[in-house]
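I opened the model to go through its packing and its ring contacts. These are my entries, in the order in which I looked things up.

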Amino acid sequence: MKRFRGLGFDEIDALLDDAEHEHRLAGLLLLNEAARRDPATTAERYLAAVRRGRVNNWDLVDASAPYALGDWLYDRDRSVLDELAASPVLWERRVAVIATYAFLKRGDASTTLALAERLLGDREDLIHKAVGWMLREAGARVSREALLGFLDVHAARMPRTMLSYATEHLAPEVRAAYRAMR
């Protein structure tokens, strides 16, 4: 993979448009590398690939959204994440949530919490898992109190999987109390 690190965006797009899952994954990993030299173009190309339906599996989203999009959005307008979260396309919604991991690593849980609240009623298990995972990370990386505050308000209506993921690292008695709210 190292020998392809300087691959141009057009060549990366060709990989992203390939029918083979593994080729798309390679393209996304190369796009992550490209973000170091040209983050704005990378984010633009990434969003185009997402909207073309080329980032269409949980592993593709998870391996790319924080790096190809989230890092660039950190100190910018994040409204594109609201647009993605409102999409009827599962993968676009997952990109919105997982991209916030870049913010969590920098101590900012605001967008994660807002998107989590917005996606409470989502019907897809892969969104429940993504939101629960990011909530758990918000508690671990940013503020346990922010996580507990979110759970105090929303645990009773959170999908089981989301709640399970979000409470995974809490003390057993605390986890049990939130799970009993359902």
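How many aromatic pairs does the structure hold? I found two aromatic pairs; rings of Phe, Tyr and Trp (its six-membered ring) pair if their centres lie within 6.5 Å, with planes under 30 degrees apart counted as stacked, over 60 as edge-to-face and the rest as tilted.

Before going on I noted the ground rules. The model is predicted, and local features need pLDDT of at least 70, side-chain atom pairs count only at pLDDT 80 or more, and totals for chains, interfaces and linings use all residues. Residues are numbered from 1 along each chain as its sequence is written, and side-chain values use heavy atoms, with hydrogens and water left out.

**Aromatic pairs**

I took Tyr 74 and Phe 103 to begin with: the ring centres are 6.2 Å apart and the planes stand at 45°, so the pair is tilted. Tyr 74 is in the loop between helix 4 and helix 5, Phe 103 is in helix 7 (residues 101-104), and the two are 29 residues apart, so the pair links distant parts of the chain. Helices here are DSSP runs (H or I, at least four residues), numbered from the N terminus.

Are the two residues buried or exposed? Tyr 74 is partly exposed at a relative accessible area of 27%, while Phe 103 is buried at 0%. I used under 20% relative accessible area for buried, over 50% for exposed and partly exposed in between (1.4 Å probe, protein chains only).

I then looked up Tyr 101 and Trp 133, which form a tilted pair with 6.1 Å centre to centre and 35° between the planes. Tyr 101 lies in helix 7 and Trp 133 in helix 9 (residues 125-141), so this pair ties together parts 32 residues apart in sequence. Tyr 101 is buried, with a relative accessible area of 13%; Trp 133 is partly exposed at 22%.

**Charges over rings**

Which ring does Arg 106 lie over? Arg 106 lies over the face of Tyr 74, at 4.6 Å from the ring centre. I also noted the charged end of Arg 37 over the ring of Phe 9, 5.8 Å from its centre. The test is NZ of Lys or CZ of Arg within 6 Å of the ring centre and within 35 degrees of the ring normal.

**The nonpolar core**

I looked up the largest nonpolar core and got 57 residues; those with the most contacts inside it include Tyr 46, Leu 69 and Met 158. Helix 6 (residues 90-99) gives the largest share of this core, seven residues. Such a core is a set of buried Ala, Val, Leu, Ile, Met, Phe, Trp, Tyr and Cys residues joined through side-chain atoms within 4.5 Å. In soluble globular proteins, nonpolar side chains tend to be buried together.

I checked what Tyr 46 is in contact with (heavy atoms within 4.5 Å). Leaving aside neighbours within four places in sequence, its contacts include Leu 28, Val 55, Val 61, Leu 69 and Val 95.

Val 61 is in helix 4 and is buried at 0% relative accessibility. With neighbours within four places in sequence left aside, Val 61 is in contact with Tyr 46, Trp 91, Arg 94 and Ile 98, among others.

**Two buried arginines**

Where does Arg 78 lie? Arg 78 is in the loop between helix 4 (58-73) and helix 5 (79-85), and it is buried at 16% relative accessible area. Its side chain makes a polar contact with the side chain of Thr 111 at 2.7 Å. I counted as polar contacts N or O atoms within 3.5 Å; within protein, one must be able to donate a hydrogen and the other to accept it, and residues adjacent in sequence count only if both atoms are side-chain atoms. Not counting residues up to four places away in sequence, Arg 78 also touches Phe 103 and Asp 108, among others.

Arg 93 lies in helix 6 and is buried at 8% relative accessibility. Its contacts, leaving aside neighbours within four places in sequence, include Asp 122 and Glu 124.
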